[in-house]
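Trainee: Could we go through this structure together? I would like to begin with the ligands.
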Amino acid sequence: MYNKKQKIAILGSTGSIGVQSLEIIKQKPSLFSAHLLTCNKNYMLLYRQALDFNPKYIVINCEEGYRFLSKNLNKEKTIVLLGEDSLCKLIEELDCDLVLTAVVGRAGLLPTIAAIKSGKKIALANKETLVIAGELIMSLAKEYNAPIIPVDSEHSAILQCLVGEKNKNISKLILTASGGPFLNCSKSDFKNIRVEDALKHPNWSMGNKITIDSATLMNKGFELIEAYWLFGVHEKKIDIVIHPQSIIHSLVEFIDGSIKAQLGLPSMTIPILYALSYPDRINYPIEDFDLAKIQSLTFLNPDKTRFPHLRLAYECLAKGGTYACSLNAANEIAVDAFLNKQISFLGMIRVVEKSLEKSIFVQNPKIEDYLCVDFETRKIATQLIYKK
Ligand code: NDP
Ligand code: MG
């Protein structure tokens, strides 16, 4: 394992992935320390995390939280900063060993770019960054020699299957999907879906946004795009299979017909651990894995008619440019409106489809183009929802 303690920066430490990552740091104090923690508004939790972990820096996005934290934390121990610009500047100069991006949505994009441009190792949970600007992110990572290690369980599984393998020998990546809470719900019943129903994921406990994305299968569409960029495999060679038990986290088929899979209980602790220790492993207490108790593993094809977001994600890859950036922006606005009960479940799906049709498109985007398309698509989606 490491010969010196690893200083970890967690962007989004107050979220589901952030809290689980801090639990690992707490359990392994000789291996890891929290160097930077950030959040959007949840300053009371960030405050408690700062007292428990003594990070050198914390960054928050809201002024009220900034005032509270500045007043109540010892400046000798923890420096408090406000806002995204301060965060990006800090990340560029930061002396740390790994940046774990556990922020949700577009908010992860610029801090991740700052981390890559300063050559830092990235543990990437914030898949939206690759959905929005995968081409740019991967080329910057190459240019600045910044390794990107996936935290997402499917991509962690694929990375583990690929250890010791050559990319030219891959014939197919197979991403598994639980199918979400509406796997067996008929399209005609989609109109009755309430926010509370969509927030009940059968296997995983996650933040609200990704839980809704799992219910529409947008999450699997995003993971398709994420896999395309991380592993450089053409979208026609990436399959998605529904596997309701979430025990097989993904598979790789090779040109000789051999297939490798990675299995484990549905716990994000395992892929987070792997991202923190890669290419090594850490001894860590995890609940017993008992195949006899699991009994059966089942599989079926996804239904792209009931879940059109999957089809849209394939189309985004085929079209390239800023198309996936628009998909993400429209989806963020639509999910937020659904969570706030401004639109129905079906309305959320329609807003994404319609926004994509109306959005502007740039074939070979620079960072300014991604930001502009993101902004414009958000405007279009907002208009579709609120100004009918
Ligand atoms: P949560 O909603 O639980 O947490 C999000 C974190 O991001 C919080 O710390 C939140 O701060 C912070 N945040 C939100 N908006 C902003 C903003 N505008 N600026 C800065 N920080 C912000 O999300 P999850 O932990 O569930 O997911 C995080 C990422 O990981 C997502 O991209 C998701 O797709 C991915 N992922 C998550 C998995 C999971 O099991 N949860 C599994 C695989 C991937 P605050 O608390 O103040 O709001
Ligand atoms: Mg996943």
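Mentor: A polar contact is a pair of N or O atoms within 3.5 Å; within protein, one must be able to donate a hydrogen and the other to accept it, and residues adjacent in sequence count only if both atoms are side-chain atoms. This is a predicted model, where local features need pLDDT of at least 70, side-chain atom pairs count only at pLDDT 80 or more, and totals for chains, interfaces and linings use all residues. Residues are numbered from 1 along each chain as written, chains are lettered from A and ligands numbered from 1 in written order, and side-chain values use heavy atoms, without hydrogens and water.

Trainee: How far is the polar side-chain atom of Glu128 from an oxygen atom of ligand 1?
Mentor: The distance is 2.6 Å. Ligand 1 also has an oxygen atom 2.6 Å from a polar backbone atom of Lys41, and one 2.9 Å from a polar backbone atom of Ile17.

Trainee: And how much of ligand 1 does the protein bury?
Mentor: The protein buries 84% of the 900 Å² that ligand 1 exposes when taken alone (Shrake-Rupley method, 1.4 Å probe; for residues, only the protein chains shown count as cover).

Trainee: Changing topic, which residues coordinate the magnesium ion (ligand 2)?
Mentor: Asp152 (OD), Glu154 (OE) and Glu223 (OE) do, at 2.1 to 2.3 Å. Donors are N, O and S atoms within 2.8 Å of the metal (3.2 Å for Na, K and Ca); water is not among the atoms, so sites may look incomplete.

Trainee: Are Asp152 and Glu223 buried or exposed?
Mentor: Both Asp152 and Glu223 are buried (under 20% relative accessible area; exposed is over 50%, partly exposed in between, with a 1.4 Å probe and protein chains only).
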